[in-house]
4 protein chains.
Amino acid sequence: MEVGFLGLGIMGKAISMNLLQHGFKVTVWNRTLSKCNELVAHGATIGESPAEVVKKCKITIGMLADPPAALSVVFDKGGILEQICPGKGYIDMSTVDPETSTKISQVYRSLNSFGLEEYCFLHLIIETCVDTDSLGVTVNAKGGHFLEAPVSGSKQPAETGQLVILSAGEKELYDEAIPALNVIGKKSFFLGEIGNGAKMKLVVNMIMGCMMNAFSEGLVLSEKSGLDPRTLLEVLDLGGIANPMFRGKGPGMLQGNHSPAFPLKHQQKDIRLALALGDENAVSMPVAAAANETYKTARSLGLGDLDFSAVYEAVKGLK
Amino acid sequence: MEVGFLGLGIMGKAISMNLLQHGFKVTVWNRTLSKCNELVAHGATIGESPAEVVKKCKITIGMLADPPAALSVVFDKGGILEQICPGKGYIDMSTVDPETSTKISQVYRSLNSFGLEEYCFLHLIIETCVDTDSLGVTVNAKGGHFLEAPVSGSKQPAETGQLVILSAGEKELYDEAIPALNVIGKKSFFLGEIGNGAKMKLVVNMIMGCMMNAFSEGLVLSEKSGLDPRTLLEVLDLGGIANPMFRGKGPGMLQGNHSPAFPLKHQQKDIRLALALGDENAVSMPVAAAANETYKTARSLGLGDLDFSAVYEAVKGLK
Amino acid sequence: MEVGFLGLGIMGKAISMNLLQHGFKVTVWNRTLSKCNELVAHGATIGESPAEVVKKCKITIGMLADPPAALSVVFDKGGILEQICPGKGYIDMSTVDPETSTKISQVYRSLNSFGLEEYCFLHLIIETCVDTDSLGVTVNAKGGHFLEAPVSGSKQPAETGQLVILSAGEKELYDEAIPALNVIGKKSFFLGEIGNGAKMKLVVNMIMGCMMNAFSEGLVLSEKSGLDPRTLLEVLDLGGIANPMFRGKGPGMLQGNHSPAFPLKHQQKDIRLALALGDENAVSMPVAAAANETYKTARSLGLGDLDFSAVYEAVKGLK
Amino acid sequence: MEVGFLGLGIMGKAISMNLLQHGFKVTVWNRTLSKCNELVAHGATIGESPAEVVKKCKITIGMLADPPAALSVVFDKGGILEQICPGKGYIDMSTVDPETSTKISQVYRSLNSFGLEEYCFLHLIIETCVDTDSLGVTVNAKGGHFLEAPVSGSKQPAETGQLVILSAGEKELYDEAIPALNVIGKKSFFLGEIGNGAKMKLVVNMIMGCMMNAFSEGLVLSEKSGLDPRTLLEVLDLGGIANPMFRGKGPGMLQGNHSPAFPLKHQQKDIRLALALGDENAVSMPVAAAANETYKTARSLGLGDLDFSAVYEAVKGLK
């Protein structure tokens, strides 16, 4: 099977190498083309532009660094739009950035609340920002197919095909891409209409943020009431709520190590967005609401760029 | 090694059978002596009373059904007190009941705040209620040793020696009992002074209660915003916050199955007590406080005797 | 002094009558012109259109029923824009509707976050919705002056000149309008740049919503713990937190009377918006966040269109 | 009418002076007898001991500085018990101290939960602490009558007879004392069984604490979002939630003035106790719970001895 791949950052390189190792023919493109060399050495072909990649491959996957890059590969000269057509599909795996999801859902919602004509909304979005909806619609307008497919997992799972893929959009394209998705992830989900991938991530991250906050309260409570918090970590890891996050982050947290894997400000935004989703649907979420305020306290203490485990410092109180 | 064992309910029977299978000589006693037969068939000896068991064994372990029973084996005619003496130890594993821990800690704390003489406190407790402190002090008064050792885990871990033991009290007795504790549990902790076992359980249960509440908010949010909550369960189980509790209870919760493993009213009490412990130490715990109120709502809806997973119904709202 | 007045609903009629009684020459306009008759009987002149009113008067005040009406008097044929010019001012008192403030601030904020060109924003707004900013800018574009001046208070304070006016925009126009504002309100504030009026209302309403929620918790707590809640009302009214809201709404609340003065769904939106304002500025607001979730519970129970005092029913729990 | 008065601190002196000015014959006693002189100059008689006062008067009122003093006037040599008898009554107005209410209700509740014999409870209380129940029972045991009558209000209301009296206990004594109570307070309530006075105060103080917290969030929000918080104070004071507390404390709070009228640690305890009362009765109180955590944060910041308005500093965050 032939697959195009746009974007060879840490994640993109790992995924396309994994595809090559599983026998896929991969045509790669990267803004800095020299980054393609390592993959070429393992059998990949180079495409000179996103358009050229799409021209060669039925299915092209994008894993771009950020929203402007994700936009650029579609709309710029030499972009996907120049070659996408009936029978071809584009899968954007790069829209995991919660910042973007946030903006999109906010705009979408506020504009909707004004009852804007759809054309007006699309016009606005296409002209001014990138999002999966606009990409989808645009690609579709040319007759191509589109799938949003944010992944959960980082470098190592990407190398070993252990990502979790939360895809949404056109089922036809999803089915067609299954052989590739099966290599990329240990599990992929098709969640229906576009936006459901982002929603699912919000729900998961909301639960995660609350757990981290409760965990922090427990650590501080144990310290202040004369128990060794390291023993608490051990006890937790032996019981029914043992989980990789407590195990992985706990010891570092106690030493004040909060080097950012998932920045606290993004975690807080996801909780806030989950609360907004709950507001829309009249779901009362008092625990998430309380956690949100603690994360805001952490932000006000200047901890927003640290890992979200730094909420522990806010619970602890500063000296 | 010779060990006495008092109380052959589900847990006690499983533990003493496990001890027999590991080559311990076990002298058992149970209020209804006929319950001893199965163990005798596997090599156990019968003691006619707690006192007789203590007379025969250096170390006696109790796993009684409830606080009155735990009290009775110590103070009643034929009780431990009649034979406990220097060189002998009693390990009470039965005080895992959070109801009792709660009462004890409340009384202890309120009385303390009045600056009562200790003899007065002990006199009161001994006359009117059972608790680990009084047992310990009493046993010590006779020259024996005492250990509180609440366990975490249920029937199956008890049979297979996979319990987690949170012991506190006399280190000497703990060290002496290690061979038996190693057979009973996959891990045992010595947490220092009496009370630390109960505190540790409170902290763990507080975190657990918050997680269940956040989990419930996520399940309801997914349902109300058009996502399949069963898919959420799958996604959660593939990521960094995957844990046995979500995995084990999630599917049943979605079907409204909340048959009680740990009753909601006990979970709420533990959160409340953890908050009280936080209050004492000026630890602000807003997530636990929010969860506590949701569990109270669940209680007011008549869900107190169901499993604590029934907090999901309170989050969902009743029809 | 000559003043134009657009919109003779309950509030507009009361205000313009009050102006007439204080010796102002008032030129009135209303969509249904017959509604002007009563005012003409008291000395008012009729303007055939908003444009004609503006032509006659240096200062025109609008008190329109809803956002479309507020928009229409500016942009439609015969609208303010046709006659506004240097030396003339328009004061919109009608934007007190929290629904609108919400939408506007949301759009404003989300669009801003995309870095849209201002012309684009204005174009969008003018085409599709009404808001004070667009009005102000538009009016200014013609050389006229603009002031937003939401009022606090209802019919009776309007008749007796006891409104509170939260104005923002052009200070020059504010100063010029003082004689009229002094008749209309017992107090008027000039709060600086446009938007500050709405912000101030959000902060006040957030505090009000929290108070109502705490008040409800107190009423339910007194009932459930054997105190007569009517006695609580009496005690509260004699102390340091006595206030017109408790006094005015309390007795009705206890009887289940929540006929809408300020609908619960609007109160909840204002708390949510105040929280959003806090999020922007990293202000942690745990009490407001907790109240927000209770109001959401009330919404989910179908109480959104009742008075916000119906949060009492949510606190109480439904039978 | 003849009234005895024990305790001539700020409040006691003001109340007894007020009684004298209204024509009552007052026999006063104070630990430091010289403090009686000013009252004697206005017509009071001196009693050499509490017992002597009770001997002379049908009704004796106590307003003691603290719980030990309140205990002492009853039980010590020369105390009330020596002369109380059928036909005489004692009204304790001094038990407004929330510290004491807290301890009492905690002990009362925990002991109750153990099903202690009543005699045991009373024995304990009489021997070790003071509380209104024990006083009542003791006085009754001698055949006298007892009323708890905590007052709300400080020095100035005491001088002018503007206190609010929350009495509970024996209605017969209440009725008999009405002429005095009417002079002492602008309003007195009879709330039924002993304990209801304290409960009522808890409910009121819980609402007050939540209001102060919400008020603080509003002040900080206004500051951080570019509004002048002093203007917010003005706007609040003109509307439906205007109240003496906002008016009286607001300006000082903005200047960091939190000299203690009602210490923050006492306010937090009252919220905690109100939550405990809610817990007993399965009343969910999420706003009070959130406020409680903020007050705990304030305590952890070392603000416990300042006025409860210092919760504003906790909301603001420390530099």
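I began with the buried area between chain A and chain B: about 4600 Å², with 78% of it on carbon and sulfur atoms. I note here that the model is predicted.

**Contacts between A and B.** Next I looked up who touches whom. I found 56 residues of chain A in contact with 56 residues of chain B. Then I searched this interface for salt bridges. The rule finds two across it. I picked out a salt bridge between K187(A) and E234(B). Its closest N and O atoms are 3.2 Å apart.

**Symmetry of A and B.** I asked myself what rotation superposes chain A on chain B. The turn is 180°, with 0.0 Å of shift along its axis. I then looked for the C-alpha of chain A nearest the axis. It belongs to N243(A) and sits 2.5 Å from the axis. I also compared the contact surfaces. Both copies use the same surface, as 100% of the contact residues of chain A recur in chain B.

**Cavities.** I counted three cavities of 30 Å³ or more in the structure. Which residues lie nearest its centre? They are A290(A), A290(B), P286(C), A290(C) and A290(D), out of 14 lining residues. Helix α14 (286–300) of each of chains A, B, C and D gives two or more residues to this lining. I sorted the lining residues by kind: 12 are nonpolar, two are charged and none is polar.

Technical notes:
Residues numbered from 1 in each chain as written. Chains lettered and ligands numbered in written order. Predicted model: local features only at pLDDT ≥ 70, side-chain atom pairs only at ≥ 80, totals over all residues. Heavy atoms only, no water. 1 Å grid on protein atoms, 1.4 Å probe; cavity = no way out; pocket = protein on both sides within 12 Å on 5 of 7 lines; lining within 4 Å. Points joined across faces, edges and corners; volume = space filled by probe spheres on them. Helix = DSSP H or I, 4+ residues; strand = E, 2+ residues; numbered from the N terminus. Nonpolar A, V, L, I, M, F, W, Y, C, P; charged D, E, K, R; others polar. Least-squares fit on C-alpha atoms with pLDDT ≥ 70 in both. Contact = heavy atoms within 4.5 Å. Buried area = accessible area lost by both parts, 1.4 Å probe. Salt bridge = Lys/Arg side-chain N within 4 Å of Asp/Glu carboxyl O.
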